[in-house]
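Please look over the sequence and the model below before reading on. The briefing then takes up helix pairs, the ligand and some backbone details, in that order.

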Amino acid sequence: MRSRNDGSTPRSACSLADLGRGEIVTLNIDLRVSIGTLELKNPVMTASGTFASGREFADFVDLTRLGAIVTKGVSACAWPGNPSPRIAETASGMLNSIGLQNPGVDAFVEKDLRWLEDNAPGTPVIVNVSGHSAEDYVDVIRRLEIEPGVAGYEINISCPNVEQGGMAFGTDCLSAAAVTAACRAATARTLIVKLTPNVTSIAEIARAVEAEGADGVSVINTLLGMAIDAESCRPLLARVVGGLSGPAIKPVALRAVWEVANAVKVPVIGMGGIANGTDAVEFLLAGASAVAVGTANFVDPTATIRVIDGIREYCERHTVLRARDLTGALRV
Ligand SMILES: Cc1cc2nc3c(=O)[nH]c(=O)nc-3n(C[C@H](O)[C@H](O)[C@H](O)COP(=O)(O)O)c2cc1C
């Protein structure tokens, strides 16, 4: 990262929109980043489960501007999810216990993937994969390997809202490594493993999945929490506990990204409470190579685009010519 204190703009580093008058300066910022073999046009992805497969957002967001679309979790067979109520609002975030409801991989391909192929050309689609066993994850990947519209997989071993599978795989180095190895053997495409913060050392789990061939790690999934209605003396969620997301978890997520980025060589995709460009830049400085926007999509459906524009504006203001130079540029 380069910083300048004198307010001047190096001519070699920019295209001058108003050459001669020297007032209006447009820097040619390179926003591209790489995750495994994937090159993204900018570092901003959608966080799984908060953007569906993009269809509901297409009226608000030009999907071709996104770095990547990460789909909601897809399993081999349809999952009904958890009983309602399964969403609760808290002071600075939301609790959910959706339980990875989805129609199964075949329905996903017919309905969502085909739609994405037509409506988000050029934007990599990363399928978030759910399973109750390592075989379940592999089954989903095998089914999708024949689909050219899939760029990679994000393996969710971190969902706190299902009894079997989900977070159970992500809280133990051996099982996290075993799921990663099984998925790695099933694909040469970009393989990202999504980690839970609900562990003693997230860096240890990251190292375990890196050793089995993960191309990147997503940090973080939701934090376990609960909410209570004091008047009725009842929990707000039918399942009592759920996953906390949104601004409340940002400091935890930043710490986790920083720890993981210092522990592994593969790219880290940071997420947790990102709502604007400055939030995203903070994750990049902490060591993330890319970021994902989640709960903010429910507050403002254009949040992803605001975050992309915000990163560019930050780079212009600080004369950072390549967004990837922000990664790990934190001064400590
Ligand atoms: C309603 C909801 C559904 C989610 N579903 C998934 C999912 O299917 N798979 C997954 O890996 N993460 C899922 N997540 C976690 C998010 O992708 C993200 O990691 C988390 O919410 C933190 O980011 P945020 O604070 O920006 O929302 C879900 C989150 C929410 C709020």
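In this predicted model, helix α6 (residues 250-261) and helix α7 (residues 277-286) have axes that come within 8 Å and cross at roughly 25°. Angles under 35 degrees count as roughly parallel, and that makes α6 roughly parallel to α7. Two packed helices are described by the angle between their axes and the distance between the axes.

**Helix α6 with helix α7**

- The crossing of α6 and α7 is right-handed, and on the α6 side the contact is made by K250, A253, L254, V257, W258 and A261.
- On the α7 side, the residues that make this contact are D279, E282, F283 and A286.
- When the residues of the contact of α6 with α7 are divided by class, there are 7 nonpolar and 3 charged residues, and no polar ones.

**Helix α5 with helix α6**

- Helix α6 also pairs with helix α5 (residues 202-211), and the axes of α5 and α6 come within 9 Å and cross at roughly 45°.
- How are α5 and α6 placed relative to each other, roughly parallel or oblique? With a crossing angle of roughly 45°, α5 and α6 are therefore oblique to each other.
- The crossing in which α5 passes α6 is right-handed, and the contact is made by I202, A203 and A206 of α5 together with R255, A256, E259 and V260 of α6.
- The residues of the contact of α5 with α6 comprise 5 nonpolar and 2 charged residues, with no polar ones.

**Helix α2 with helix α4**

- Another pair consists of helix α2 (residues 134-145) and helix α4 (residues 173-186), whose axes come within 9 Å and cross at roughly 20°.
- From that angle it follows that α2 and α4 are roughly parallel to each other, and α2 passes α4 in a right-handed crossing.
- The contact is made by A134, Y137, V138, I141 and E145 of α2, and by V179, A182, C183 and A186 of α4.
- By class, the contact of α2 with α4 has 8 nonpolar residues and 1 charged residue, while no polar residue takes part.

**Surroundings of the ligand**

- How many residues surround the ligand, and which are the closest? There are 21 residues around the ligand, and the closest are S48, K194, G246, G273 and T295.
- G273 has a polar backbone atom that is 2.7 Å from an oxygen atom of the ligand, and G294 has a polar backbone atom that is 3.2 Å from an oxygen atom of the ligand.
- N128 is placed with an N or O atom of its side chain 2.9 Å from an oxygen atom of the ligand.

**Backbone details in loops**

- Most residues other than glycine have a negative phi, and most peptide bonds are trans.
- The peptide bond from S84 to P85, however, is cis, with omega near -5°, and P85 is found in the loop between β6 (69-70) and β7 (87-90).
- V219 and I220 are also joined by a cis peptide bond, with omega of about 20°, and I220 is found in the loop between β12 (216-219) and β13 (223-226).
- L100 is not a glycine, and yet L100 has a positive phi of about 60°; this residue lies in the loop between β8 (93-96) and α1 (105-119).

Terms used: Residues are numbered from 1 along each chain as its sequence is written. This is a predicted model: local features need pLDDT of at least 70, side-chain atom pairs count only at pLDDT 80 or more; totals for chains, interfaces and linings use all residues. Side-chain values use heavy atoms; hydrogens and water are left out. Axes are lines fitted to C-alpha atoms, for helices over the stretch in contact, and angles run from 0 to 180 degrees between N-to-C directions. Helices (H or I, at least four residues) and strands (E, at least two) are DSSP runs, numbered from the N terminus. Angles under 35 degrees count as roughly parallel, over 145 as roughly antiparallel, 65 to 115 as roughly perpendicular and the rest as oblique. A crossing is left-handed if the near helix is turned anticlockwise from the far one by less than a right angle, and right-handed if clockwise. Contact means heavy atoms within 4.5 Å. Ala, Val, Leu, Ile, Met, Phe, Trp, Tyr, Cys and Pro count as nonpolar, Asp, Glu, Lys and Arg as charged, and the others, Gly among them, as polar. A residue is near a molecule or strand if one of its heavy atoms lies within 4 Å of it. A polar contact is a pair of N or O atoms within 3.5 Å; within protein, one must be able to donate a hydrogen and the other to accept it, and residues adjacent in sequence count only if both atoms are side-chain atoms.
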